[in-house]
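Visitor: Hi, could you walk me through this model? I'd like to talk about how its parts meet.

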Protein chains: 2
Amino acid sequence: MEKIYFDYAATTPTDPEVIKAMQPYFFEHFGNASSPHSIGRESQKALEDARGVVSQFVGANPNDIVFNSGATEGNNHAISGIVYHAMDRGNHIVVCSAEHHSVLVPIEQLQRDGFKVTYLPVDSNGLVDPASVKAAINDQTILIAVMHANNEVGSIQPIKEISVIAKERNIPFLVDACQSVGHLSLDVNELGCDLLTFSAHKFYGPKGVGAIYIREGIKVSSFLLGGDQERDRRASTQNISAIVGMAKAIELCKDELLTEYAREEKMRDRLIEEIPKRIDGVKVNGDLKNRLANNAHFSFENLEGESLLMSLDMQGICASMGSACTSGAMEPSHVLRAMGLDDALAYGSLRITLGRWTTDENIDFLLEQLPQLVGSLRL
Amino acid sequence: MEKIYFDYAATTPTDPEVIKAMQPYFFEHFGNASSPHSIGRESQKALEDARGVVSQFVGANPNDIVFNSGATEGNNHAISGIVYHAMDRGNHIVVCSAEHHSVLVPIEQLQRDGFKVTYLPVDSNGLVDPASVKAAINDQTILIAVMHANNEVGSIQPIKEISVIAKERNIPFLVDACQSVGHLSLDVNELGCDLLTFSAHKFYGPKGVGAIYIREGIKVSSFLLGGDQERDRRASTQNISAIVGMAKAIELCKDELLTEYAREEKMRDRLIEEIPKRIDGVKVNGDLKNRLANNAHFSFENLEGESLLMSLDMQGICASMGSACTSGAMEPSHVLRAMGLDDALAYGSLRITLGRWTTDENIDFLLEQLPQLVGSLRL
């Protein structure tokens, strides 16, 4: 059975051109970028070339990009690294309640360790009101964290407005851009954030590699300690083949950014328009205007989302309820709860995320299958 | 110019068979192992198959293996994870003074934060005396860390003897086995350690992936926080292609473990015997008996090691002075200092490390070139 993949927000296939770009860095040019000989210098050059590509894509200086193992490490690093340097200045953190767990869990741990945390509410579309950030800040605030685009419902937060507030009070501002880098045009200076995190496997690069942007002058202690790699900001042998792959993935995204955005947006809009027409008792989740082009998210009344996923899977359709990182959990989504959905609706949710290999025919098939499957599973 | 690589301790080429094994997990089987559909389950299966292979190789239960980004993360995780759980029991750490920086630096940070640290001395061959561990332990000791084989001079520590002492006092024992896994036959139950860390790129696997063994019952808090991957012990999307590659690398090492050990040992012994015969004022560093088969380490009197490396590099010979992780540093090696070498000898050092593609002809060429180069560079 041919499979149809609708879970691009969880991870993307590595583009064949990315795989090709990575190949020479496994065996032919395999050196440790810290080694003091020609084989090491080859890797060092590949590393810095990749840093140039990645930094340019997000509008950063190359020196402000630290390569790492992905956005979980990036978010953990940003939070602990800011807190370590700012403990004498304050103990208060402001964070959006719909963040990814790699932001929420380390902050919850800090809260258990005595930090004060304000969880910013989101509206029914998942959006933060910048005024609530202003109201939450106090003299003790040392970090603000609001994601760029939500990984479950695709809503894009008003980052520019929030960064104006953060700048006024000189508070470091972390933006998890895991779902937007590679998919949207994005510039750290336009956004105004101080820290930006992302993972290559969300935009057709390999898994296990990502980066954190740290604005010059922002004090962030290292997270991985040991060697002096990444200008002493991240110990560990640099993963050259994966970093080269990440840069290649960025280049491919750059080449097609606008056309692919428009293509996905059209398919997404068909889903958002057609599904409520064809099925009763459906709620479309997430903001309809400020939204990722590849995300369509629904809640079905009187339905177990897990049963729906299983039925779809049996038809070869791969989708999800929300974040893959908590797919094992039986708790309803904290994002949907924060948006005010009751547990029954949260349990009845379906996330359809699109990408480079999604076709109109895939959308047709889903639109054809879904009403019948939902009908047969309705409680 | 053909290059000769003598820096296998810094990193190894990824074996072509490993690259081949990884390929299907980039594009065809690319799923997120946490995703609730068939594409995710394929990845989950590949992940658990790989866990079986890796765990078996070190004599562990599959559930005691946590995949990560490499040994720097593993060592950081082990140290902070043990300390977090044991803070109410004590504040004293015992660590070998010749450890890798990914062990020493996090412990130095704990020391600055108020922990007491005993640095175990090493003898002139780089070996720890188990009696010194016994003497160092007190009622406050919460962690002992002694590496398996030293990354600079190749000396193999008396781990079994130390683990007996650790067990008697019920103190968690961390062994950094970065240089030995894949190269020596090794079993966590024979060694008796509670935590073991290693990186795939040291044994012909890809960079950016490694594992930590955590003995059942040993309490270690998570290091990367967020999703519940790796049985809630390491958040972050699992790097399937790299993990599959790591398992394949382990299998290849297993197949040739004894023959390759003997082959490298013979080449190493030629270097250790011949170089002092052909060059005056040479000291062989590291224990001659308890030693990695692939490590030969020398100090030359009246010589700048960096100049020697440059001259070797110009002849196409890639070697190093010591750890690649500190190659940018101008400080003499902390390992050689701990072994009692004066700074002049430490600055005059050369590490030759061998591996799967090293040939007798490579050894011939080095033995031919080295006397002349050293002669021309002598101060």
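**Salt bridges and the interface**

Guide: Happy to! Over all chains, a search of the whole structure finds 42 salt bridges, each being a side-chain nitrogen of Lys or Arg within 4 Å of a carboxyl oxygen of Asp or Glu. This is a predicted model, in which local features need pLDDT of at least 70 and side-chain atom pairs pLDDT 80 or more, while totals for chains, interfaces and linings use all residues. Residues are numbered from 1 along each chain as its sequence is written, chains are lettered from A in the order written, and side-chain values use heavy atoms, without hydrogens and water.

Visitor: How many salt bridges are there across the interface of chain B and chain A?

Guide: The rule finds 4 there. One salt bridge pairs D313(B) with R41(A), with the closest N and O atoms 2.7 Å apart.

Visitor: And which residue does E42(B) form a salt bridge with?

Guide: That's K3(A), the closest N and O atoms being 3.0 Å apart. This pair crosses between chains: E42(B) is in helix 2 of chain B, and K3(A) is in the segment before strand 1 (4–5) of chain A. Helices (H or I, at least four residues) and strands (E, at least two) are DSSP runs, numbered from the N terminus.

Visitor: Zooming out, how many residues of chain B are in contact with chain A?

Guide: 64 residues of chain B are in contact with 65 residues of chain A, where contact means heavy atoms within 4.5 Å. The two chains bury about 5300 Å² between them, 59% of it on carbon and sulfur atoms; that is the accessible area (1.4 Å probe) lost on being put together, summed over both.

Visitor: Why do you say the copies meet through the same surface?

Guide: Because 100% of the interface residues of chain B are also interface residues in chain A.
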